[in-house]
Structures are given as C-alpha cells and as structure tokens.
Amino acid sequence: MPENGAAPSSSSHPTRRAVVAAGAVVPLAMSLPGGAAAESAAAASPPTPVSANLTINGTQHALTLDPRTTLLDLLREHLALTGTKKGCDQGQCGACTVLIDGRRVNSCLTFAVMLDGAQITTVEGLAKNGALHPLQQAFIDHDAFQCGYCTPGQLCSAAGLMAEGRAKTPDEIRELMSGNICRCGAYANIVAAIDQAMGQRS
Amino acid sequence: MINFQYMRATDVADAVRQMAGDRNAKFIAGGTNLIDLMKMDVEQPTRVIDITRLPLRQVEQTAGGGLRIGALVRNTDLAYHPLVEARYPLLASAIMAGASQQLRNMASTGGNLLQRTRCAYFYDTATPCNKRTPGSGCSAIDGLNRMHAILGASAACIATHPSDMCVAMALLEATVHVTGPAGDRTIPFADFHRLPGDTPQRDTNLAAGEIITAVELPPQGFATHYTYLKIRDRLSYAFALVSIAAALALDGDTITQGRLALGGVAHKPWRDPEAEAALRGHPATPATFARAADVLLRNARGYKHNSFKIELARRCIVRGLTQAAHGTPQPQSVKKIV
C-alpha cells in the first residue's frame, strides 16, 4: 500500500480519452486546497488516531487515521487514488462519488474511520481485467464529457444507478443523476451513455 | 475542523451512556449534514459518537397497523421500502424530492429530523446569527432572505427547516420515539420541531442527551389522494422555495378529511388546523382550496426578497390539493407540473 502518495509517473501527455480508459490513474498537475492545510493543523494539535480496515477496489488496507480524514482525502492524499475528484467538498457537486458496499455516496461527507469493514469501489476499480466497464465505454462512445473532471463521479454514480435498477427512462436517469453536476454541460451525452450501458446489461 | 475524539457505540444504552453529561458531544450517523457543518466550524463537537452500528435499521409493521421506522434506516431504503411505496407513497415521494441519490443513500431517518437550516448566514461564521451564536443578531432579516420563512418567524430568526421528508411525516402525524438519561418517551411530530421565538438555537424539543430511536407512522397513509409538490430554483437537487404535502379523504366530491403541510416556509413543517378545517365538508374544488390557502396564509409575512413566496405558496396549495383530489400525484422525475 503506498502510504505517502507514491503516485504513478506519466512520461507522456495523456489524452482525455486515455485518462478515462485507464480509469483516471494519471495524477493531475494541480493541487487542491484542504489536504496540506489539514495536515499542518493536525500536526499542531495531535489527534487520537483510530484504526479501521477498508477494502478498496479489492485490496485490503489496515489504516490508522486522524478521525477527521474523509474517505475522499483518504483515497486521494493517503492512497494516491486520485481518480476520485474533490469538487465542492460539501456534497453539492458529486465529483467525489464512490461506491460503498455497492451504494453510491459522496466520499467528501464520510469519515473514513466510520467505514471499518466496508468495501469501497472507486473509478479505478470499475474496469475489470483490462476491460472497460460498459459505462466507461459508453461515455467514450457518446463523448459524454468535455473537461472530464466530473467524469469519475458520474461513472461511479451511474454504476450505482444501474445497481439500484430504478431508472427506466431518460427522465428518470436525469432525476437520479441530479447529484452529479457537470459544469461543461455534457448532460445530454451523459444520459445517452448511461441509457446505452443500461440497455447492454438488460 | 477542530480535533475531536471518535467513539463507537455498540447499542442504544451504550450510546446514551457515552453521550451523558457532555454537551460538546454529537452523535453521527449518515454525516451528510454534521460533517459539512464541522468543516465550516459551525458545529465543533469535541467528541463524535458513531451510532451507525446500533440495531435501528428495521422497518416494521406495528400491532396497531402502523409502521415503525428505525432511526438509522437510510432515506433511499425508506423511500423504496415496499410498505412505504404501497401505503405511504406521499412519504416516498417527499423523500425522493430531497437531496441527491448519493445523499439519500447516506442520510438516516433520525438525522433527517435533526438537520439544520441551510440559511447562508448560519453557515457563515463571519456573520452574526442567533441560531449559531445566540444573541449575536440575525443577518437574514435585513439581508439576502429570498429562501427564508414567511410563517412563524421571529425577530431573532427567519430561517427555514430544509427537510422534505419531515413535511410528509408532519402531515402523516408521525410519532418520534426517543430515549435518554430519563428513559423512553414519544413526541408527536408537530411538537418535535420548534418555532424560533427568542431561542432559535434550539431546533427541536429533544432534551440533552436524548437519541431518536424510531419514527412511527399511524395506519392512515392517504395512499389514494395525495401529492408532494416541490417548487425550487432548479428542477432537481435544490432546497424548496415552497413545497406542499397534500392529502385528502373524499366521499364523492366532498372532502371528509383534508391535510396540508408546507415546507420551505417556516422553521418547522407548517400545518394549520384552521386551514384544514376549511376543507372539511366542502367540495373538492379550486374555490375550496383557495379559501384554505387564504386561511393558511392569513398571517404570512414577507421580507425584502421573499414576499413572492406568499403568492407561490397560495398557488402551490391550490395546485397540490387539485392533484390530490384528482389522484394525480406529482412524480419527482416528471418536471412538468401536472
């Protein structure tokens, strides 16, 4: 388990589609506020660490954490799983959506230590044995993104939506995907991509 | 976020014991509201007691024909429960009108009751707010108050309660089961949330150290003539400007029982016995509904940016009761108002 963000290096400039196809494991050349500041605050007033065992994309992690650590910060800052994105950090944008025990949730509003024993799936865990998840392929087929920042959250949310089995029509897909904001406005293609993936499965 | 001690409670008695006597401790379940408020330093608990392992996830029929909902039942699990869909579709619809599927997957029934206002000044620790810092003043009364209350507000606070689920539970006349250092008790839903008065820092009548264990619905679910109509700034995933839960019992065209609960307009889900009395015994017509709306809104007061809500509420009441009378509830995935 990489403890301190031993992020994979990339020697070439990835294309947007390569990022999606690879499950977005390429690190972003930008830093977001929160992580570093939280670390220094913690150092000034040492917290009582808490142990928790989480299974993330099939790999078990025995963790000892500052209880303030959100699942989102655990994934990004501790485990170098930077596919999951930090947008608003307030549960309003859906960019941080992951699956906990198969259910889609906002990882920014979840303390990681509360998830002892849970199974987490992130965008990095959607592809199996090198084959894209049908949703990933459908997003490529429909060009269901522009900047791609919301895409990992859209994919995990859509995977949760398919598992729920409640959405039958494009209107119902739109309603049940409303927790995922796309500032580029790729909604029409996102709905078409999810519709395609749902059709393939049924 | 300030540092805190994290504890896990093993059962209800353990949770009550761990909470006892510590006013700086908080229970955490879904976390969707508390963690957000902790990030903003609006909530600063020094101990956080994780209650997610308590055995409060059951939805059970009661001997009296009602439904007992464990406090930890998640919002989606409740909305999709076969007994709720069949017997209390108003509650299912209201739940699905709130938040997003991700948040509904996390949020608990008890936590939904305890969520705090989304007033921007409550969230902004740089501004006065009587709810956050008693005695500091209300920034909303003369501020940006487009989302704020038109009924039951006070000079100290014009915040609204943000829940959709609670509006339906108020209409259904649920009972809140709690336990605490002084033992078990039940609180009628109408008495659970408070109006702001001069103590807006108190959202509910839950006593110190008490924990919600369940919410119980009475047998009557109004599954035929009901609607939950929510009007908001965008078509999904936004808090209500005005929402209405409406339910009718009809004998032919005559209303034998009518209930109304409004969200987004007050510090608690708003019901008005006089407005409901104005429905009883009258024909289910727009004229009757308009009279009930006039009664319900007789003391409504707007502020600089939210006076539009009074007329909006009037139209919502008429439209919602019309939908209920026709048996054409507003599905949350259908954006054209039926």
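Ser107(A) sits in the loop of chain A that runs between β4 (103–106) and β5 (119–121). The model is predicted.

**Ser107(A) and its surroundings**

- Ser107(A) is buried because 30 C-beta neighbours lie inside 10 Å, and a residue counts as buried at 20 or more.
- Leaving aside residues up to four places away in sequence, Ser107(A) touches Thr70(A), Leu71(A), Leu72(A), Leu75(A), Thr84(A), Cys96(A) and Val98(A).
- Ile56(A) is 51 residues from Ser107(A) along the chain, and the C-alpha atoms of these two residues are separated by 13 Å.

**Ala99(B)**

- The phi angle of Ala99(B) is near 55 degrees, which is a positive value in a residue other than glycine.
- Is Ala99(B) buried or exposed? Ala99(B) has 28 C-beta neighbours inside 10 Å, so Ala99(B) counts as buried.

**Phe222(B)**

- Although Phe222(B) is not a glycine, its phi is positive, at about 50 degrees.
- Why is Phe222(B) classed as buried? Phe222(B) is buried because 24 other C-beta atoms lie within 10 Å, where the cut-off is 20 or more.

Notes: Residues are numbered from 1 along each chain as its sequence is written. Chains are lettered from A and ligands numbered from 1 in the order in which they are written. This is a predicted model: local features need pLDDT of at least 70, side-chain atom pairs count only at pLDDT 80 or more; totals for chains, interfaces and linings use all residues. A residue is buried if 20 or more other C-beta atoms lie within 10 Å of its own, exposed if 12 or fewer, and partly exposed in between; C-beta atoms are placed from the backbone. Helices (H or I, at least four residues) and strands (E, at least two) are DSSP runs, numbered from the N terminus. Two residues are in contact if their C-beta atoms, placed from the backbone, lie within 7 Å.
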